[in-house]
Amino acid sequence: MIATISADIVRSTSLQTEDLLVLRERLKRLLDDFEQSYPGFWARIVRGDSIECVVPEYRYSLRIAILIKLFVKILVDGFECHELLHRHGIRFSIGIADISYADKVEDIINGPAIYLSGRNLDDISRRDLFSAFEIEAVPAAFNDCMESYVALLSNLVDSYSAKQAEVVFYKLMGHKEVDISRRLGIYQSAVNMRSTSAQWGLLNTAIKDYEQLDFKELCG
């Protein structure tokens, strides 16, 4: 059992071509960095604005999806684009199930997990929603509960300013406040203030709680 993440950049057509190319290049570098941090992880950018990720350690799927969302919000802050892109960054769908075949070299992802995340991304795109979640072979009520849980965290991140998103992004990446202050060129007190106003403690606890869930046991 693994997780896949299907995502797309919200209203990407509102970006200037050169800005979209910058965004894609920076995003690719982030995904490459994730390969070093999360064993077995790999991702691809398809159709210009869509992302597909394979996350063998499914418990990290929500953290990775939120990090990508924060990263895009930060990057587009200086771009002229649709307000929905500034607010949401990406829409994403997480599917947890088996995978029949995944090979980075051959650029192939196939199996139930990617079907779940891909199908649900298409569904929320049609309904103008911005996150989805589904585990194969669990009661519908549990999936509904988990989808609401993920949606609440996604909505919290949507409320962030670019400055708040920047601080939360680095904290989720494991950086200490003193390191973030040096990186951003601001006082540590400013880092702490942005972190507090973004309800960092709530987001961090919720993601850690998700990472403690044993979905294999839930699926029997």
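Ile2, Thr4, Ser6 and Asp8 point one way from strand 1, while Ala3, Ile5, Ala7 and Ile9 point the other way, and all are buried (buried is under 20% relative accessible area, exposed over 50%, partly exposed in between, with a 1.4 Å probe and protein chains only). In a regular strand, side chains alternate between the two faces of the sheet. This is a predicted model, where local features need pLDDT of at least 70, side-chain atom pairs count only at pLDDT 80 or more, and totals for chains, interfaces and linings use all residues. Residues are numbered from 1 along each chain as its sequence is written, and side-chain values use heavy atoms, leaving out hydrogens and water.

Who sits beside strand 1 (residues 2-9)? Strand 4 (residues 90-97) pairs with strand 1 in the antiparallel sense over 8 bridges, and Ala3 has Ile96 as its bridge partner there. Strand 3 (residues 50-55) also runs antiparallel to strand 1, joined by 6 bridges; here Asp8 is partnered with Ser50. Strands are DSSP E runs of at least two residues and helices H or I runs of at least four, numbered from the N terminus, and two strands pair if DSSP finds at least two bridges between them.

Now for the helices. Helix 2 (residues 61-75) packs against helix 6 (residues 162-172) at an angle of about 145°, with the axes 9 Å apart. Axes are lines fitted to C-alpha atoms, for helices over the stretch in contact, and angles run from 0 to 180 degrees between N-to-C directions.

Last stop: Ser195, in helix 8 (residues 188-197). Ser195 is buried, with a relative accessible area of 5%. Beyond its neighbours within four places in sequence, Ser195 is in contact (heavy atoms within 4.5 Å) with Val167, Lys171, Glu177 and Trp200.
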